Amino acid sequence: MATSLPEFASFDAENRENIEIRWQRWFMRFENLLIALDIKDKKRKRALLLYYIGESTLNIFETLPETGTEDDYDEACQALNEHFKPRKNTSFEIFKFRKTNQLVDETLDQYHVRLAQKAKYCEFSNLDTEIKAQIELGTNSNGDIDATVRLCSVGDY
C-alpha cells in the first residue's frame with residue numbers, strides 16, 4: 001500500500017549561520033512529525049530521516065563515521081547531532097550577546113527572549129544577572145531608563 005508523505009522542509013546544511021540551533025529546531029520538528037505519524041519502527045524512522053534531511057545534508061551524512069546500520073535510527077541521529085554541534089567559542093558568544101541591542105519595534109519581552117536564547121551559549125555563572133544587565137544597557141527606552149531598571153529589578157526578567 002503506497003502512502004504519500006507529508007511535505008516537510010529539508011534541512012539547509014549549506015547555510016552555516018546558527019547551524020546548531022537550526023539543526024536542533026529542525027530535528028525537534030522532525031521527531032514531532034514521527035510522533036504525529038505514529039511511526040515507531042526504527043528502520044522506518046531512519047529512512048524518513050534520511051529522506052527528509054535533503055540532498056546536501058544526506059551528502060554530509062554519507063561521509064560521517066559510525067552512522068549505524070539501516071535499522072539504527074539512534075546512531076544516525078547521534079552522528080548528525082555530533083556533526084552539527086558547534087565548536088564552542090564562548091568568548092565570541094559573549095561578544096555577540098554584548099552587542100545585542102533592543103530592536104526598534106521589539107517589545108521588552110521579545111528582547112528578553114532573544115537575549116535568553118543568546119545567553120544559553122555564553123556559559124554565564126549567573127544568567128539572570130547578565131540578561132538584566134544587558135537589558136539595562138541595550139534597551140532603546142528613549143530616555144526612560146529608570147522604568148526599565150525598575151522593571152528589571154522586579155524579577156520578571
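Author: The answer below begins with the chain as a whole, turns to the pocket, and then moves on to the cores and a few individual residues.

The model is predicted, so local features are used only at pLDDT of at least 70 and side-chain atom pairs only at pLDDT 80 or more, while totals for chains, interfaces and linings use all residues. Residues are numbered from 1 along each chain as its sequence is written, and side-chain values rest on heavy atoms, with hydrogens and water left out.

Of its 157 residues, 32% count as buried (under 20% relative accessible area, with exposed meaning over 50% and partly exposed in between, for a 1.4 Å probe and protein chains only). Among contacts between residues at least 6 apart in sequence, 54% join residues at least 24 apart, a contact being heavy atoms within 4.5 Å.

The largest pocket holds about 560 Å³ of space. A pocket here is an open set of points on a 1 Å grid over the protein atoms alone, where a 1.4 Å probe fits and protein lies on both sides within 12 Å along at least five of seven lines, and a lining residue has an atom within 4 Å of a point; points are joined across faces, edges and corners, and the volume is the space filled by probe spheres set on them. The lining of the largest pocket comprises 21 residues, and those nearest its centre are Asn18, Ile21, Glu93, Lys96 and Tyr121. By class, this lining divides into 10 charged, six nonpolar and five polar residues (Asp, Glu, Lys and Arg are charged; Ala, Val, Leu, Ile, Met, Phe, Trp, Tyr, Cys and Pro nonpolar; the others, Gly among them, polar).

Helices H1 (19–36), H5 (90–98) and H6 (108–119) each supply at least two lining residues, and H1 gives the largest share, six. Domain 1 (19–84) and domain 2 (90–153) each contribute at least three residues to the lining of the largest pocket, their bounds coming from an automatic or database domain assignment.

Asn18, one of the residues nearest the pocket centre, sits in the segment before H1. Although it is not a glycine, Asn18 has a positive phi of about 50°, and it counts as partly exposed because its relative accessible area is 43%.

H1 also gives the largest share, seven residues, of the largest nonpolar core, a set of buried Ala, Val, Leu, Ile, Met, Phe, Trp, Tyr and Cys residues joined through side-chain atoms within 4.5 Å. Of the 24 residues in this core, Trp23, Trp26, Phe30, Leu49 and Phe84 touch the most other members, and the elements giving two or more residues are H1, H2 (42–52), H3 (55–61) and H4 (73–84). Leaving aside residues up to four places away in sequence, Trp23 touches Phe11, Ile53, Leu80, Asn81 and Phe84. Apart from this core lies another, of nine residues, including Phe97, Leu108, Phe124 and Ile135.

Glu66, in the loop between H3 and H4, has a positive phi near 50° as well, and Glu66 is exposed because its relative accessible area is 66%.

Methods:
Helix = DSSP H or I, 4+ residues; strand = E, 2+ residues; numbered from the N terminus.
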